[in-house]
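This report describes selected features of one protein chain. Please consult the sequence and the structure shown here.

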Amino acid sequence: MNFTRRFTLAGLLAVLLPVSATVAQVDPLPSWNSGSARQAIVDFVGRVTREGNPDFVPVPERTAVFDNDGTLWCEQPEYFQAAFALDSVKAMAPKHPEWKQQEPFKSFLAGDRTALAEQGEQALLTLVTAAHSGIPTDEFSKSVADWFSTARHPRFNRPYNELVYQPMVELLAYLRVSGFKTFIVSGGGVEFMRVWAEKAYGIPPEQVVGSSGVTQYQLDAAGKPSLLKTAKVQFIDDGPGKPSGINMMIGRRPILAFGNSDGDHQMLQWTMAGSGARFAGLVHHTDEVREYAYDRQSKVGKLDKAWDEARAKGWTIVDMKQDWKTIFREKP
């Protein structure tokens, strides 16, 4: 068969084959292994998007929510926002000589982890608050972007924003192509996440729900307005706060929710309590070689009560070691 004949037949087949046949050949989840978790996702999307199916859900009602830390990107050995905050305190220290005599700054800057640990969670909260307040929102966003350009994860030696889970990025894209609107609903700071979430996940800033502090409108001497981040907490979007955040910021009960820890438990319960087709998923960290393995005893991303309910009620559990061909995106 000569080239002209082959080209003509190829063109004819392209015209005659249904579009659906061509689309069906494209794997929307190439980083997922075949198994019950992948099949549950595909089956659910098929049921809610197929007109005439009893479980069909109109496009405006296809809302999907995802936790961030441990669900969309790595969260070990500490939350990445905490790493940012601690690095920020170190960078700010020269402008605050009084910190050398004030706890918990004194112990932290001296590298005295024992003394710092003895001060409990409140010490860490004080350090994080110092890094997240007293600065205009625009300057804060720039400091986050600058940090991502230089900071490296202690184990993987890669920029923190490269440690996103490739299978979950594919899932987000698959849902959007299927008519879903995807949201982040996280205990992390909303202004911290909005700096990079769109580039990392394709989720725009207005679809990021997170913990937030009070901001104060002000004018400088030249009359230029800005928003100043204050130390006062406005909303904690974690645990039982997640359903409240969804109600307040999204206004629709999601039909699909993904998390990885007990901090996501109430969000998953809230999602599954609605009528019609529902999907709840948990990412279970089981791969100590490619990432980390942890659940009930972990100080970061503890998975205990949500794990028990997921198994009791048949929620979809994604076993990272078994269900994912790859964890992170390949290095650029």
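**Terms and model**

The model discussed here is predicted.

**The second largest pocket**

By class, the lining holds nine nonpolar, five polar and five charged residues.

At least two lining residues come from each of H4, H7 and helix H8 (137-150). H8 provides the largest share of this lining, with six residues.

**Packing of H4 and H7**

Helix H4 (residues 80-92) packs against helix H7 (residues 121-132) at an angle of about 70°, and the two axes are 8 Å apart. Angles of 65 to 115 degrees count as roughly perpendicular, and H4 and H7 are therefore described in that way.

On the H4 side, the contact involves Gln81, Phe84, Ala85, Leu86, Ser88, Val89 and Met92; on the H7 side, it involves Leu124, Leu127, Val128, Ala130, Ala131 and His132. This contact has 10 nonpolar, three polar and no charged residues.

**Methionine 168**

Methionine 168 is part of helix H9 (residues 166-177). Its relative accessibility is 0%, so methionine 168 counts as buried. Apart from neighbours within four places in sequence, methionine 168 contacts Trp32, Phe66, Thr71, Leu72, Phe258, Val283 and Trp324.

Serine 141 lies 27 residues from methionine 168 along the chain, and their C-alpha atoms are separated by 25 Å.

Definitions and conventions. Residues numbered from 1 in each chain as written. Predicted model: local features only at pLDDT ≥ 70, side-chain atom pairs only at ≥ 80, totals over all residues. Heavy atoms only, no water. Helix = DSSP H or I, 4+ residues; strand = E, 2+ residues; numbered from the N terminus. Buried < 20%, exposed > 50% of the residue type's maximum accessible area, 1.4 Å probe, protein only. Contact = heavy atoms within 4.5 Å. Axes fitted to C-alpha atoms, helices over the stretch in contact; angles between N-to-C directions. Parallel < 35°, antiparallel > 145°, perpendicular 65-115°, else oblique. Nonpolar A, V, L, I, M, F, W, Y, C, P; charged D, E, K, R; others polar.
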